[in-house]
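I set out to record what can be read from this entry, one look-up at a time. The notes follow in the order in which I took them.

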Amino acid sequence: MVKGEDGADKIRADKIGSEKIIRKPVLRRNIRPRKERNKERSALEPPTVAEAEAKKMRAVNPAQYYRQNLGQLGFGDPEHALVQTIKELVDNSLDAAEAMGVLPEITVVLAATEKEYEVITNRIKDGGIRRFPIFKISVEDNGCGVVRSKVAKAFGKVLYGSKFFSFKQSRGQQGLGVHAAIIYAQLTSLEPATITTKTETDEKAYRVVLKIDTEQNKPIVISAEEVPFDRIHGTKVELMVAGEFTKKVESFIKELSLANPHAELKFILKPTVNGEEKVIHYPRATKTLPPQPKEIKPHILSMEPGALLEMISNDKCCRDAKQFLVRHFVRISDLKALQLLSAAKIPPNVPPREINVETLFKAAKEVDIMRPPLDVLSPIGEEALRQSLRRLYPDAEFIEATSREPWSYRGIPFQVEVAVAYGGASVASDCEIVRPGVFKAKVIRLGNKCPLIYDSKDCLLYKTVKEINWRNYKLPQEEGTLPLAPMVLVVSLISTKVPYTVPGKFAVAYHDEIHEQLRLALQALGRMIHSYVTHRQRQEHERHRQSIFQIYAREIARDLSLLTGTSQEEIFNKLMETVKTKLKHPEKRGPLKEEAPKLKAPPAPSIVSKLPPQEKKAREKPQHTLDAFIR
Ligand SMILES: Nc1ncnc2c1ncn2[C@@H]1O[C@H](COP(=O)(O)OP(=O)(O)OP(=O)(O)O)[C@@H](O)[C@H]1O
Ligand SMILES: [Mg+2]
């Protein structure tokens with residue numbers, strides 16, 4: 001026994017076993033259930049912080065979450081929200097038309113109403129309140145329509161849709177877009193959404209007026225009825241949203257038509273109640289429907305290990321590990337599955353739940369599994385991009401487009417396309433003026449054929465354009481900026497899953513493979529721009545030399561007239577004719593990419609042949625010929 005610090009008798013640990021342990025008798029208190037004790041205590045004492053927190057805990061459903069965080073979906077303020085509403089509705093319409101395999105025909109009507117939405121601000125200038133008009137927006141398409149039994153959920157339940165689980169290129173990916181627009185509409189205007197839809201087998205259309213119950217994440221159907229509809233199939237969505245009409249609306253419309261040259265787009269805009277109505281009509285630039293994207297299964301390497309584990313635990317359809325791999329993943333044949341399982345030391349006939357995910361992943365990286373099939377994508381197409389740019393910028397001096405072969409990032413197929421419109425008043429009017437006479441290039445970013453309008457600084461597409469050293473291609477550029485030239489650059493990414501940074505789909509996240517393909521595509525485009533700029537510089541140089549020649553032409557004509565006896569006017573006219581031919585020649589070639597044929601000055605024997613023999617000999621020396629002079 002030793003004395004403790006407090007002087008109490010203690011049993012030393014090392015003596016345990018050698019000495020007898022003396023236990024003090026424990027006074028057993030009357031133990032009552034914890035619930036009873038807590039109740040008693042809570043009546044006397046305030047709850048602990050943990051208890052207070054526990055009382056507040058409850059599950060959050062996605063509708064509640066996004067109602068509070070509409071900014072993540074592009075509905076953070078009236079200016080963004082107006083463009084985002086049009087974008088979400090038109091994206092769905094384009095997807096629905098392409099799913100049906102028809103050329104899209106979309107009509108968008110945006111009209112200001114008398115109603116206003118008030119926002120409290122801190123700005124004294126606004127008197128503490130900012131007022132935004134409520135716009136009525138309707139988007140009508142000729143898409144596949146929605147089956148009646150699904151209309152309420154497709155528009156009234158957040159994270160409900162047809163695209164989330166499908167590995168197929170489409171504009172929509174999540175089941176959020178139209179729902180966010182409807183929630184924003186009901187928050188700002190208090191008005192429900194009206195959806196009129198007709199499938200090809202319906203006799204009449206079905207009109208549903210609904211709101212979203214965000215507390216329950218379910219639709220509140222206000223009315224549902226049959227109505228006549230002009231189209232054989234299609235959908236019309238009508239919403240009332242608070243918005244601010246800025247020039248972004250029209251630039252979005254322009255970019256949308258650029259990305260979808262096969263779509264017929266009509267916009268009827270009335271930004272103010274008493275103002276003029278403006279109709280913007282983009283007839284389709286091409287009647288060729290882009291190839292249908294194909295649906296594929298996921299690639300095993302595109303999966304997170306945790307997701308694979310969950311898939312394995314929930315699998316009810318496969319009898320063994322081999323069947324599981326073959327049935328659920330692309331590029332895994334019977335033979336490949338056996339190879340993979342043997343590399344992972346997993347017997348092929350064990351039930352799927354016995355697959356060890358870690359060893360399977362390790363083996364998948366070692367065994368050579370082919371990249372996913374890359375012919376599943378539907379790009380815009382180089383020719384369609386050129387036509388589209390020519391339609392928007394008819395006076396552009398130079399238009400070109402190029403694309404890379406499809407590739408894959410983390411097992412997900414993607415493809416990169418880039419295009420340029422250079423020079424011309426219409427291009428310059430779309431570019432920012434840095435200082436008088438100096439323009440900064442404009443970048444149009446597209447993700448699965450939808451314009452990405454906000455957050456360009458965080459976007460891989462934009463950052464890669466800035467990284468390129470455009471000076472190599474004869475374009476002026478200041479360190480880390482866009483090229484300083486009047487040009488519009490289009491950068492398009494197509495994929496079965498575009499890796500956006502946020503659910504609002506504003507910017508593309510960084511992936512090595514996408515970055516590399518983009519860089520190569522932009523460099524190829526840079527080379528095309530380079531050859532055009534060189535050709536233009538050569539033309540300029542040629543014009544300059546011709547103008548110098550013209551200055552001296554009259555004097556030469558006078559001298560030659562003295563020497564030859566031919567009239568001065570005749571010689572002068574002939575000289576000018578030669579100049580004109582030389583000026584005309586380079587223009588014939590047009591401003592496009594081909595290397596310019598070498599300009600040859602027409603011979604001028606007519607004048608030399610008329611000279612006396614001695615003079616003639618002297619003049620035939622190359623340095624004195626007119627050819628040499630012109631050259
Ligand atoms: N115009 C339309 N025509 C046919 N179906 C539509 C239309 N609009 C919406 N839908 C259906 O409603 C679903 C939900 O649309 P929503 O925009 O919320 O999500 P999404 O398009 O699937 O993905 P994302 O959130 O990326 O837009 C769609 O998946 C589609 O099935
Ligand atoms: Mg959508």
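In which loop is the place of Lys-345? I located Lys-345 in the loop between α10 (334-343) and α11 (357-366). I note at the outset that the model is predicted.

**Entry 1: Lys-345.** I then looked up its separation from Thr-359, which is 14 residues away along the chain. The C-alpha atoms of Lys-345 and Thr-359 are separated by 7.9 Å.

**Entry 2: the protein as a whole.** I recorded 19 helices and 18 strands as the secondary structure of the protein. The protein has 631 residues, of which 37% count as buried. I also looked at contacts in the protein with a separation of 6 or more, and residues 24 or more positions apart account for 70% of them.

**Entry 3: the cores.** I turned to the nonpolar residues, bearing in mind that in soluble globular proteins nonpolar side chains tend to be buried together. The largest nonpolar core holds 119 residues. Within this core, Val-241, Val-418, Ala-421, Leu-489 and Val-490 touch the most other members. Helix α4 gives the most to this core, with nine residues. At least three residues come from each of domain 2 (64-282) and domain 4 (382-533). Apart from this core lies another, of 18 residues, including Ile-300, Ala-321, Ile-355 and Ala-364.

I followed up Val-241 and set aside its neighbours within four places in sequence. Among the residues then in contact with Val-241 are Ala-81, Leu-82, Thr-85, Ile-134, Phe-135 and Ile-137. Tyr-184, Ala-185, Thr-188 and Ser-189 are also in contact with Val-241.

**Entry 4: the shell around ligand 1.** I counted 22 residues around ligand 1, of which Asn-92, Ala-96, Gly-161, Gly-172 and Gly-177 come nearest. The elements that give two or more residues to this shell are α4 (78-100) and α6 (177-188). Which element gives the largest share of the shell around ligand 1? That share, five residues, comes from α4. By class, I recorded 12 polar, six nonpolar and four charged residues in the shell.

**Entry 5: helix α12.** I listed the buried residues of α12 (residues 382-392) as Ala-384, Leu-385, Ser-388, Leu-389 and Leu-392. Seen down the axis of α12, these buried residues fall within an arc of 135°, so they line one face of the helix. As background, an α-helix has 3.6 residues a turn, so residues three or four places apart point the same way. I then looked up what covers the buried residues of α12, and found that the cover includes α7 (247-259), β11 (398-403), β13 and β18.

**Entry 6: positive phi.** I checked backbone angles against the expectation that most residues other than glycine have a negative phi. Arg-410 is not a glycine, yet it has a positive phi of about 40°. The place of Arg-410 is in the loop between β12 (407-409) and β13 (412-422). Arg-410 counts as partly exposed, because it has 14 C-beta neighbours inside 10 Å.

Lys-505 likewise has a positive phi, near 60°, in a residue other than glycine. I found Lys-505 in the loop between β18 (487-495) and α15 (512-564). Lys-505 is buried, because 28 other C-beta atoms lie within 10 Å.

Terms used: Residues are numbered from 1 along each chain as its sequence is written. Chains are lettered from A and ligands numbered from 1 in the order in which they are written. This is a predicted model: local features need pLDDT of at least 70, side-chain atom pairs count only at pLDDT 80 or more; totals for chains, interfaces and linings use all residues. A residue is near a molecule or strand if its C-beta atom, placed from the backbone, lies within 6 Å of it. Helices (H or I, at least four residues) and strands (E, at least two) are DSSP runs, numbered from the N terminus. Ala, Val, Leu, Ile, Met, Phe, Trp, Tyr, Cys and Pro count as nonpolar, Asp, Glu, Lys and Arg as charged, and the others, Gly among them, as polar. A residue is buried if 20 or more other C-beta atoms lie within 10 Å of its own, exposed if 12 or fewer, and partly exposed in between; C-beta atoms are placed from the backbone. Two residues are in contact if their C-beta atoms, placed from the backbone, lie within 7 Å. A nonpolar core is a set of buried Ala, Val, Leu, Ile, Met, Phe, Trp, Tyr and Cys residues joined through C-beta atoms within 7 Å. Domain bounds come from an automatic or database domain assignment. The arc is that of the directions from the helix axis to the C-beta atoms.
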